[in-house]
Amino acid sequence: MRLQSKRFLMSLVEPGKPSYPAFTGTEACASIGNEHFCTEERDFSHYETLRNVCATCPLLVSCFNWALHNEDFHYWGGSSAIERKKIRSELKLERKRSVAA
């Protein structure tokens, strides 16, 4: 599974208003720290690592959909902010609001 594939990310899109992911603190992303997910969009050096972390997460779909509808920044649900912006544009979705990191 290659999370960077636009086709794959498009397959994660679910209809309706997404709920905030039910994080428990035991997800792989919690173990590596937020600083890896909250970096400048110009720094792609660690995205492959993040994609691998997200690929194993049971919250991938809910995390991606939350970010698609609510986040303009950072790496969420196997996707960068740039990838989500392109998908929103293609699907004619408006971002609801941005969540401060």
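Me: What does the protein average in pLDDT, and what share of the residues score at least 70?

Reply: The average is 81, and 80% of the residues score at least 70. pLDDT is the predictor's confidence in each residue, on a scale from 0 to 100. This is a predicted model, so local features need pLDDT of at least 70 and side-chain atom pairs count only at pLDDT 80 or more, while totals for chains, interfaces and linings use all residues. Residues are numbered from 1 along each chain as its sequence is written, and side-chain values use heavy atoms, with hydrogens and water left out.

Me: Why is Arg51 called buried?

Reply: Its relative accessible area is 11%. Buried means under 20%, exposed over 50% and partly exposed in between, using a 1.4 Å probe and protein chains only, so Arg51 counts as buried. You'll find Arg51 in helix H3, residues 47–55; helices are DSSP runs of H or I with at least four residues, numbered from the N terminus.

Me: What makes Arg51 and Glu83 a salt bridge?

Reply: Their closest N and O atoms are 3.2 Å apart. The rule asks for a side-chain nitrogen of Lys or Arg within 4 Å of a carboxyl oxygen of Asp or Glu, so the pair passes. Arg51 lies in helix H3 and Glu83 in helix H5, so the pair ties together parts that are 32 residues apart in sequence. Glu83 is buried too, at 16%.

Me: How many salt bridges does the structure hold, and which residue pairs with Arg88?

Reply: There are two. Asp72 pairs with Arg88, with the closest N and O atoms 3.0 Å apart. Asp72 sits in the loop between H4 and H5, and Arg88 in helix H5, 16 residues away. Asp72 is partly exposed at 28%, whereas Arg88 is buried at 6%.

Me: How do you know that the buried residues of H5 are on the same side?

Reply: In H5 (residues 81–91), Ala81, Glu83, Arg84, Ile87 and Arg88 are buried. They cover an arc of only 155° around the axis, which puts them on the same side of H5; the arc is that of the directions from the helix axis to the C-beta atoms. The face turned away from that side carries the exposed residues Lys85, Lys86 and Ser89.

Key. Helices (H or I, at least four residues) and strands (E, at least two) are DSSP runs, numbered from the N terminus.
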